[in-house]
Amino acid sequence: MDIRRPPPRSSSGGVEPRFRQVGFVTSAEPGPAAAASVPAPPAAASPPASDGLSPVMIPPPLIPDHLPVPGHASESLMPSSPPPASSSRIDAVSDLDDDDNDDVDVSWARPPPPALPEPNKRDLTETKNEGNPASVAQKPKLSKAERRAIQEAQRAAKAAAKESGLKSTAKASDVSTKMSKQPKAGKAKKDVTQVNPPVASDKKADERLPDKDRKKDVPQPRMQYDDVQRVVKAKKHSVVNQSEAQNRVALFRHLPQYAHGTQLPDLESKFFQPDLMHPSVYKVGLQYLSGDISGGNARCIAMFLAFREAINDYSTPAEKILSRDLAAKISSYVSFLIECRPLSISMGNAIRFLKNRITNLPLALSESEAKSSLQSDIDRFINEKIIVADKVIVSHAVTKIRDDDVLLTYGSPSVIEMIFDHAHELGKKFRVVVVDSRPNHEGQGLLRQLVAKGISCTYTHINAVSYIMHEVTRVFLGASSVLSNGTVYSRVGTASVAMVAHAFGVPVLVCCEAYKFHERVQLDSICFNELGDPDVISRVPRGESLSHLKNWAENENLHILNLKYDITPSDYVSMLITDYGMLPPTSVPVIVREYRREHVWI
Amino acid sequence: MPDMQPLVSDFVLKLKRRKVEGSHAVARQTAELLRSVVSQHRMGSSANQAAALADAVRAVGEQLIAANPIELAVGNIVRRVLHIIKEEDISATAVGIEGLSVAVDSDDEYDSEHDDRPALSAAVLAAHARNALRAPSLQTLLEDIPVSPAISLTASSTGDSDGKSKSGDKSSTRKLKHDVIAAIGDLIDEIDSCYEPISEQAVELIHQNEVILTLGRSRTVKEFLYAAKEKKRSFRVFVAEGAPRYQGHVLAKELVEKGVQTTVITDSAVFAMISRVNMVIVGAHAIMANGGVIAPVGMNMVALAAQRHAVPFVVVAGSHKLCPLYPHNPEVLLNELKSPSDLLDFGEFSDCMNFSTQDGSPLLNVVNPTFDYVPPKLVSLFITDTPIDVALFGEIACWFNYCRAVGNQ
């Protein structure tokens, strides 16, 4: 939420209980279970969540004027109207102490309407909710300097009055302009563009800040590559020398397309200039460029490990604040990675998380402590959001596999392979159909793994999906991301497979970790996509005789299109399996809204 | 016909070994072979020469159909030739009857001369008239129609009934053969020139700023698009490459040579791109009696995507592809599985190929079908070398079209 809103206060030691439990609570729940779903603030209840797990929280509806607010400007920010409880929440908001808190990042910035019983939330360890659009709407405008002053004051007050045990991470106010990735921030439009957050933020930081205060956070329009000036500006900062591809398809002029094969040698020659880039980041960039690492999870993990090393080796230059400088450095790394290969949506989410953690570092920490805290954050993210999430998904999905099933999958999603392995270990009898397509033939890798484990497989190409579908009982698909309207953004061809399955009445189960969800909505595959190397398509396997398109670039009438992703409409998806359980595709915006905050990546 | 046997066996072998593939080539060669069969056939002097000829053709036809059941064009052509034989026979008879009756009417004073034609009983006359006028149907095509002997086989339109009747068996049989051979020649020409009438319809479908999608390569589609380009219609084409044969690449190259803006996409991208497409135009391998289409693999996926996005799905096919059979389980029965080496390199996957489970079934199966079945409800329009028929009610329209096509021989 609303970063601008000054933390309402908290000098009073723990007077106002900020949290109230509703619905499912975890086992480690401290006392206040009884207070669940009681709209009245559990007054004077000790601040719950003094330990690890905190339940789903709903801020109690407190009246603002109770609370002495440090920094009078904040008073003016307090809307007298609807969200009466704003102050308490704001309290949370300002809780910038980011003591490395692992599990419980509870902070509540949004005042829910007091009498409204929150819907039963799913079992959650942490939740963070920020951004009440309603309250945002009433914020008066503040200039950047004023806001910063307020923030600093609040921090100081907070540090002074901090009561122990209240681990909460408040949304950092947008101190650094580059950090304006907060979705519901009134002040900044959310920079949802995973495509090039840093570049965009460089350019748009200024415009973003003052004007958009009152707007709800809408995903910012992504950088469109047919906008010549922006492209030129981006090029100035770029590390990689990209040359535009020839013969671009007109429909996709808004997406970047570069001549492949030209960047790699150039980058390799620059490898030994250490000041440009941290070597591990450079290495990861090269791996992306050459296609050695592919797949959402793999790329995300590789990137984070590289950042971890970079943070390890980082030392704050003199007269700079660690959080800001490090954030700037991370941004530059990210823009380099984007030049190597456009970010996937999951990577964008992960980067936002990291940046948020950086800006939320308490000032009091020493450099080494800050660095180790960030590293542990990264480890935690990878562990919780990817590794453990995959385990949860696998455990849910194997319940959907029965004996004598014929399961179809497309491409090579990492989590699907785990599911099949686990089901096979559990002794279920099933066989797998692997559908593959050009140009990457990703299914062959999966095929090899499955056959090596002893699972009997059938292999075919995507045109033959109609032929094979009458034998199939279930379809398991992976996803690169799931968008807010329930559409699945995944490898190109997934939509066709889901469509044919739907036509034959075969249930389609999409398995996706929750960190890949996104608030954006996309109507078709053209608005946003990634363009791959067209030459790969013109090269036909086993084909000297078949390579009719050898010199396609010479002919201006001939274009080749190598799309990487496509959109599967939500009505083709029967069920989504995530680490939050098995959901219908319509539940995605709920997850995005309610459960994202916990990770402070907004 | 002992001397025909080598030719027939040769062709049968080619069909079995898939040396000849594709409806057009198969249809043409079948027609030529049957023409040779007819010309070599020794017509007996028995009454039912046409029936005997038809039997001979049918025997050869059965061999050809059995050689490659998936090449439905073979059966279509055989049926057409049989129909030709019967038609020629009927028309000869009818002309004879016509001539007779005209003679009877016009030459009243020659009544006495025509008295010596008592063989033409009223019943026979009526029967022949019925046959001549009856619309062709599957039954009439395939059944034997008794041919009345000694009927003048004058096919000329002069209606000269004098002196032609009872010209003797020799000339009548020669006439029959000659006519049949001529008609088969027409059939071959029709097969070869099926593209023109279809292409003429292009201007009715393609206007300005159209975006067209196609999959694989069909010569009919190519000619269709060429015709539209000739008429200066502006359109762009997305060609899906059509793995594993990649014929889409060939079509793209051909289109580009004519100056058509073409984009090659992978088959997996069809769903992604179809939202920006105005029309899907594809060729077919065969069109079944219910309006279902046997098409190169991947077409069902395209048809479903087109239906989802409400894009018209147009099938263009020459009339030699219209088949009077109804498909039953067409994905399996009217399909052919090709070699897995198209999909998987044997060398790379040799380690996987050796695994097997306890019951001996291999761990790894590779499926590479050649054809796909598109149900009639997904097709918006069929265009054949008869005028445009809208497949509103699938099978009825298609069947009607077939009848008309055959009847136009």
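These legends describe close-up views of a predicted model. Residues are numbered from 1 along each chain as its sequence is written, chains are lettered from A and ligands numbered from 1 in the order in which they are written. Local features need pLDDT of at least 70, side-chain atom pairs count only at pLDDT 80 or more, and totals for chains, interfaces and linings use all residues, while side-chain values use heavy atoms, with hydrogens and water left out.

**View 1. Chain B as a whole.** Chain B has 17 helices and 10 strands. Helices (H or I, at least four residues) and strands (E, at least two) are DSSP runs, numbered from the N terminus. Of the 409 residues in chain B, 54% are buried. Buried means under 20% relative accessible area, exposed over 50%, and partly exposed in between (1.4 Å probe, protein chains only).

**View 2. An open sheet with strands from chains A and B.** The sheet holds 7 strands in the order S10(A)-S3(B)-S2(B)-S1(B)-S4(B)-S7(B)-S10(B), and the pairing is parallel. S10 (558–560) of chain A and S10 (381–383) of chain B stand at the edges; each has a single partner strand, so one side of each is left without a neighbour in the sheet. Strands of a sheet pair through backbone hydrogen bonds. Here two strands count as paired if DSSP finds at least two bridges between them.

**View 3. One strand pair in chain B.** Strand S2 (residues 235–240) and strand S3 (residues 261–265) of chain B pair in the parallel sense over 5 bridges. B:Ala240 has B:Ile265 in S3(B) as its bridge partner.

**View 4. Helix H14 of chain B.** H14 (residues 299–308) of chain B has 8 of its 10 residues buried, so the helix is largely enclosed by the rest of the structure. Among the buried residues are B:Met299, B:Asn300 and B:Val302. Just after H14(B), B:Ala310 takes a positive phi of about 55 degrees.

**View 5. H16(A) against H14(B).** Residues A:Ser496, A:Met499, A:Val500 and A:Ala503 of H16(A) meet B:Met301, B:Leu304 and B:Ala305 of H14(B). Contact means heavy atoms within 4.5 Å. These contact residues divide into 6 nonpolar, 1 polar and no charged. Ala, Val, Leu, Ile, Met, Phe, Trp, Tyr, Cys and Pro count as nonpolar, Asp, Glu, Lys and Arg as charged, and the others, Gly among them, as polar.

**View 6. A:Ser335 in chain A.** A:Ser335 sits in helix H10 (residues 322–340) of chain A. This serine, A:Ser335, is buried, with a relative accessible area of 15%. A polar atom of the A:Ser335 side chain lies 2.9 Å from the backbone oxygen of A:Ser332.

Key:
Polar contact = N/O pair within 3.5 Å; in protein donor to acceptor, adjacent residues only side chain to side chain.
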